[in-house]
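Student: I would like to learn how to read the features of a model, one at a time. Could you take me through this one?

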Amino acid sequence: MTDLKSQIAALQSKIDAGKYITSVDNADKGLTFTLNDSSSYEVTNGVDGEKGEKGDGNKLTIDKDGQWLIDDEPTGWYCAKKEKLLL
């Protein structure tokens with residue numbers, strides 16, 4: 001879980017620098033986030049434990065409010081939301 005948190009923190013730093021997520025796609029080992037500058041960032045699932053007891057890794061989801069959850073636990077990190085501009 002520590003590795004997953006560090007991956008998300010690295011992606012959050014890109015968002016803090018002014019980039020935003022334009023799409024999220026399933027990847028073979030997790031999710032691929034594409035940013036507004038066309039760069040992409042992959043967040044991968046965990047791997048089997050040392051004894052292989054838990055091979056399903058950590059589960060990364062985004063709740064209805066846009067908050068990232070790791071194994072259904074809130075992280076306090078939010079993804080960008082696309083909203084209609086009113087002019």
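Tutor: Let us start with a single side chain: tryptophan 68 is buried, with a relative accessible area of 0%, where buried means under 20% relative accessible area, exposed over 50% and partly exposed in between, with a 1.4 Å probe and protein chains only. This is a predicted model, in which local features need pLDDT of at least 70 and side-chain atom pairs count only at pLDDT 80 or more, while totals for chains, interfaces and linings use all residues. Residues are numbered from 1 along each chain as its sequence is written, and side-chain values use heavy atoms, with hydrogens and water left out.

Student: With which residue does tryptophan 68 form an aromatic pair, and how is the pair described?

Tutor: A pair of aromatic rings is described by the distance of the centres and the angle of the planes. Rings of Phe, Tyr and Trp (its six-membered ring) pair if their centres lie within 6.5 Å, and planes under 30 degrees apart count as stacked, over 60 as edge-to-face and the rest as tilted. By this rule the count comes to 1 aromatic pair: phenylalanine 33 and tryptophan 68 are stacked, at 5.5 Å centre to centre with 25° between the planes. Phenylalanine 33 belongs to strand E2 and tryptophan 68 to strand E5, so that the pair links distant parts of the chain, 35 residues apart, the elements being DSSP runs numbered from the N terminus (helices H or I of at least four residues, strands E of at least two). Phenylalanine 33 is buried as well, with a relative accessible area of 1%.

Student: Which residues have the most contacts inside the largest nonpolar core?

Tutor: In soluble globular proteins, nonpolar side chains tend to be buried together. A nonpolar core is a set of buried Ala, Val, Leu, Ile, Met, Phe, Trp, Tyr and Cys residues joined through side-chain atoms within 4.5 Å. The largest one here has 14 residues, and those with the most contacts inside it are Ile8, Leu11, Ile21, Phe33, Val43, Leu60 and Trp68. Helix H1 (2-16), strand E2 (30-35), strand E3 (40-44) and E5 each give two or more residues to this core, and the largest share, 4 residues, comes from H1. Leucine 60 touches Ile8, Leu31, Phe33, Val43, Trp68, Leu69 and Ile70, not counting residues up to four places away in sequence, contact meaning heavy atoms within 4.5 Å.

Student: What is the strand order of the open sheet that contains E5?

Tutor: Strands of a sheet pair through backbone hydrogen bonds, either parallel or antiparallel. Two strands pair if DSSP finds at least two bridges between them. The open sheet of 3 strands with E5 has the order E4-E5-E6 and antiparallel pairing. Strand E4 (60-62) and strand E6 (73-78) stand at the edges with a single partner strand each, so one side of each is left without a neighbour in the sheet. E4 and E5 (residues 67-70) pair over 3 bridges, and threonine 61 stands opposite leucine 69 in E5. Another open sheet of 3 strands, also antiparallel, has the order E1-E2-E3, with 6 bridges joining E1 to E2.

Student: How many salt bridges does a search of the whole structure find?

Tutor: Side chains of opposite charge can pair when their charged atoms come close. With a salt bridge taken as a side-chain nitrogen of Lys or Arg within 4 Å of a carboxyl oxygen of Asp or Glu, the search finds 3. In one of them, aspartate 37 meets lysine 19, with the closest N and O atoms 3.8 Å apart. Aspartate 37 lies in the loop between E2 and E3 and lysine 19 in the loop between H1 and E1, so the pair ties together parts that are 18 residues apart in sequence.
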